[in-house]
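Welcome, and thanks for taking a look at this one with us. Please open the structure below and keep it in view as you read.

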Amino acid sequence: MGLRSRLWRDGRVVSEDVALDELRRHLAEESSLVWLDLCLAGEVHPDTLAGLADELGLDRHAVEDAVAPGERPKTSRHGGHTFVTVYATALPGEPAGGHESRLVTSRVSAFVLPRGLVTVRRDDRFAMGQVLRRWDDDPELVQGGVAGLLHGLLDVVVDGHFETIQQLDDAIEELEDVLFAESPQPAQVQRSSYRMRKELVELRRVVLPMREVVSSLMRQPDLRGPHDPSALGGHYEDLYDHVLRAGEWTESLRDMVTSVFETNLSLQDARLNTVMKKLAGWAAVIAVPTAITGWYGQNVPYPGFNSSGGLHQSVLLILLATVGLYLFLRHKDWI
């Protein structure tokens with residue numbers, strides 16, 4: 001669905017379909033609270049946002065940021081409204097190539113007005129239905145006005161960050177099991193660790209800036225509008241704590257996957273040294289009968305020359321020297 005809306009009056013839902021031409025009138029009512037969502041990947045044309053911006057007096061730079069690709073997470077103040085941009089994340093299944101990043105990000109922008117919240121999505125990969133459920137499950141957010149609506153949106157986004165980070169944490173633990181398995185698969189470990197490093201770099205770009213986003217919102221006293229904001233202080237402090245934890249967890253996972261990558265290289269070097277040591281041991285064992293048969297193959301007289309005793313002597317020397325060298329190298333764990 002390209003366009004969704006909801007109207008609350010005195011904390012109660014009175015409409016799920018707010019006409020655009022009546023939006024300004026509802027925003028002017030003291031007891032009203034309005035939410036409008038525009039998904040530009042649906043039936044909503046970008047011109048709709050431009051017309052809405054003219055109607056509500058939205059800053060043109062903020063409107064450009066809402067539709068432009070590659071905008072970073074941020075909070076900015078523009079006259080009578082605040083503009084917020086954040087990224088929701090998701091981590092679907094294993095890719096076909098095995099080394100391509102699986103991380104999916106979806107940008108959500110919000111225009112925070114005194115009595116209304118206008119969200120803009122460039123695609124439909126982030127479902128606003130879960131935000132509506134958050135508002136319905138916690139009536140205190142609606143009682144807190146537009147600050148409560150914004151908190152519900154950001155809380156769902158940050159919860160998605162935690163879910164993505166948890167999936168990466170579980171994947172790294174599975175990778176560690178493969179790393180130290182009895183039948184190692186160094187190529188698989190290398191591909192997976194490389195992919196996870198790419199995913200963590202991308203995740204870090206959208207998770208770490210959330211600290212400044214939430215911190216900036218907490219410093220704006222006029223964000224909450226005319227509604228009573230007294231109960232929302234704890235909500236935003238809790239949200240900020242979650243953002244800090246997500247950032248720290250992301251940093252620790254980056255260190256862990258780097259450690260896995262380096263450990264895999266070290267184990268490959270150790271296995272290569274073991275193989276070379278075994279090859280050198282077997283080469284020494286094989287060299288003994290080669291040397292003895294070469295000596296007894298000379299065309300000069302030697303003890304047992306031209307008799308069966310020479311054959312028996314060479315065979316005995318080969319057996320004794322080869323078995324003795326084999327047992328010695330076996331004791332030293334070379335073969």
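Here is a short briefing, grouped by topic, from the whole protein down to two local features.

The model shown is predicted. Its secondary structure amounts to 10 helices and seven strands, and the protein has 335 residues, 42% of them buried.

**Overall picture**
- Among the contacts with a separation of 6 or more, 69% link residues 24 or more positions apart.
- The protein has an accessible surface of about 17,300 Å², and carbon and sulfur atoms supply 54% of that surface.

- Strand S1 covers residues 3–9 and strand S2 covers residues 12–15; the two pair in the antiparallel sense, with three bridges.

**The packing of H4 and H6**
- Two packed helices are described by the angle between their axes and the distance between the axes.
- For helix H4 (residues 129–137) and helix H6 (residues 146–179), the angle is about 125° and the axes are 9 Å apart.
- The crossing of H4 and H6 is right-handed.
- On the H4 side, the contact is made by Gln 130, Val 131, Arg 134 and Trp 135.
- On the H6 side, the residues in contact include Gly 148, Leu 149, Gly 152 and Leu 153, along with Asp 155, Val 156 and Asp 159.

Methods. Residues numbered from 1 in each chain as written. Predicted model: local features only at pLDDT ≥ 70, side-chain atom pairs only at ≥ 80, totals over all residues. Heavy atoms only, no water. Pairing = 2+ DSSP bridges. Helix = DSSP H or I, 4+ residues; strand = E, 2+ residues; numbered from the N terminus. Buried < 20%, exposed > 50% of the residue type's maximum accessible area, 1.4 Å probe, protein only. Contact = heavy atoms within 4.5 Å. Areas by Shrake-Rupley, 256 points an atom, 1.4 Å probe, with all protein chains shown as cover. Axes fitted to C-alpha atoms, helices over the stretch in contact; angles between N-to-C directions. Left-handed = near helix turned anticlockwise from the far one by under 90°.
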